[in-house]
Amino acid sequence: MKLFFKLTFIITLLCSFTYAQKVYKLTMATTWTSTQHPLIDTAEHMAKLAEELSNGQIKIRIDASNKHKSPFGVLDMVKGGQYDIAHTASYYWKGKDIAVLPFSSMPFGMTAQELYAWFYNDGGMELAQKVFEKHGVYSFPGGNTGVQMGGWFRKEINTLDDLKGLKMRIPGFAGEVMAKLGVQAVTINPGELYTSLERNTIDALEWVSPSMDFVMGFHKVAPYYYTGWHEPGTEMQFVINRKVFDKLPVHLQNVLKAAMKIAAYDMYINNYDLNALAWERMKKEYPDIKVRTFPKPIMDALKKANAELREEMKASSPEMKEVLDSQEAYQKKLRPWSEMSDYFYLKDNI
Ligand code: PYR
């Protein structure tokens with residue numbers, strides 16, 4: 001009998017070793033501060049999903065930028081192994097590599113649905129891995145803002161001359177386009193936007209749209225709120241250190257991919273809701289906000305500068321050419337359907 005109990009004990013012990021699941025503790029740095037919703041929520045949602053879907057095998061600790069103090073250093077920190085993952089936006093790395101720009105958003109480019117279709121159905125994801133390989137990371141979509149507003153301006157912009165010399169926070173390709181029209185375009189990290197506008201370090205800025213702009217209070221300093229042209233569907237980004245990802249068991253790699261995909265799409269949906277609610281409140285509580293669209297000569301000049309810049313960038317980087325050509329061809333293929341569906345529906349029902 002004693003022997004029977006001993007054997008049962010040994011078998012139970014062996015079984016528990018066999019089935020004990022290794023826990024993988026990962027770290028994530030965000031470009032956002034801990035109060036920048038819904039961006040920070042997307043990072044947290046992804047971490048929670050990864051833990052739940054892996055049955056506790058993945059645990060991700062998140063450090064927001066107020067902790068690690070380097071909002072625009074997160075790509076380097078993931079590459080260098082200080083963090084395993086970052087939640088950020090691809091276009092912040094344009095100074096390192098121009099070919100990263102189209103993975104966020106391009107002026108007059110694809111909307112959120114179109115961009116997601118490109119990522120998942122037309123090779124966008126594979127191109128992202130090709131471009132980001134030299135940066136030591138894998139790159140995945142990290143949540144879309146939808147169409148962004150053109151920004152907050154202290155003064156009304158009536159002519160091209162009004163743009164000349166204007167110091168504006170505007171990241172990505174749009175910053176380059178604005179620069180062609182004489183704007184002094186700068187990229188200021190998200191944690192310092194309000195102070196920069198309030199202290200006149202800049203004359204204008206664009207951040208996102210009502211969901212994220214309202215809480216920042218920009219309307220108290222710069223009352224002109226312009227409609228968008230420059231970021232028709234901006235995709236955030238998860239980057240993961242390649243060595244860390246490659247070492248994970250395949251089922252956990254798949255869990256992470258699923259968690260990122262769900263978190264990204266959930267942000268897109270949630271942000272739509274948050275935008276509508278915030279805009280309703282803004283109109284009611286701050287009727288002095290003046291919504292404007294850039295006059296046609298300015299829009300025409302922006303389109304011309306954008307087209308010229310795209311050709312210049314293609315000539316300067318074969319990788320940028322490959323990504324832009326792929327997006328251009330796909331946008332051309334999708335637009336007749338976008339017109340037939342969303343455009344005609346909304347045009348007749350607003
Ligand atoms: C921006 O940095 O402007 C974003 O839209 C995230």
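Thr88 is in contact (heavy atoms within 4.5 Å) with Thr31, Trp32, Val74, Trp93, Met236 and Gln237, leaving aside neighbours within four places in sequence. This is a predicted model: local features need pLDDT of at least 70, side-chain atom pairs count only at pLDDT 80 or more, and totals for chains, interfaces and linings use all residues. Residues are numbered from 1 along each chain as its sequence is written, and side-chain values use heavy atoms, with hydrogens and water left out.

Thr88 is found in strand β3 (residues 85-88). Helices (H or I, at least four residues) and strands (E, at least two) are DSSP runs, numbered from the N terminus. Thr88 has a relative accessible area of 0%, so it is buried. Buried means under 20% relative accessible area, exposed over 50%, and partly exposed in between (1.4 Å probe, protein chains only). The side chain of Thr88 makes a polar contact with the side chain of Thr31, at 2.7 Å. A polar contact is a pair of N or O atoms within 3.5 Å; within protein, one must be able to donate a hydrogen and the other to accept it, and residues adjacent in sequence count only if both atoms are side-chain atoms. Phe72 is 16 residues from Thr88 along the chain, and their C-alpha atoms are separated by 8.5 Å.

**The ligand site**

Which residues are around the ligand? They are Tyr91, Tyr92, Gln148, Arg169, Pro171, Glu206, Trp207, Val208, Glu231 and Met236.

| Side chain | Distance to a ligand oxygen |
|---|---|
| Tyr92 | 2.5 Å |
| Gln148 | 2.9 Å |
| Arg169 | 2.7 Å |

On its own the ligand has 220 Å² of accessible area, and the protein covers 100% of that. Accessible areas come from the Shrake-Rupley method with a 1.4 Å probe; for residues, only the protein chains shown count as cover.

Trp207 is found in the loop between β8 (204-205) and α10 (210-213). Its relative accessibility is 5%, so Trp207 counts as buried. Beyond neighbours within four places in sequence, the contacts of Trp207 include Tyr92, Gln148 and Arg169. Leu39 is another of its contacts.

Leu39 is one of the buried residues of α2; the others are Ile40, Thr42, Ala43, Met46, Ala47, Leu49 and Ala50. Helix α2 covers residues 39-53, and its 15 residues should span 21 Å at 1.5 Å a residue; the end C-alpha atoms are 21 Å apart, which agrees. The expected span is 1.5 Å times one less than the number of residues. Pro38 lies in the loop between β1 (24-30) and α2. The peptide bond from His37 to Pro38 is cis, with omega near 0°. Asn55 follows α2 and has a positive phi, near 60°.

Phe108 has a positive phi near 60°. It lies in the loop between β3 and α5. At 23% relative accessible area, Phe108 is partly exposed. Asn200 has a positive phi near 65°. Its place is the loop between α9 (193-198) and β8. Asn200 counts as exposed, at 52% relative accessibility.

Is Glu114 buried or exposed? Glu114 counts as buried, because its relative accessibility is 3%. Glu114 lies in helix α5 (residues 112-121). Not counting residues up to four places away in sequence, Glu114 touches Gly109, Tyr330, Leu334, Arg335 and Ser338.

**The whole chain**

The chain has 14 helices and eleven strands. Its C-alpha trace spans about 95 × 45 × 45 Å along the principal axes. Of its 350 residues, 53% count as buried. Its accessible surface comes to about 17000 Å², with 58% belonging to carbon and sulfur atoms. Among contacts with a separation of 6 or more, 79% are between residues 24 or more positions apart.

Definitions and conventions: Near = heavy atom within 4 Å.
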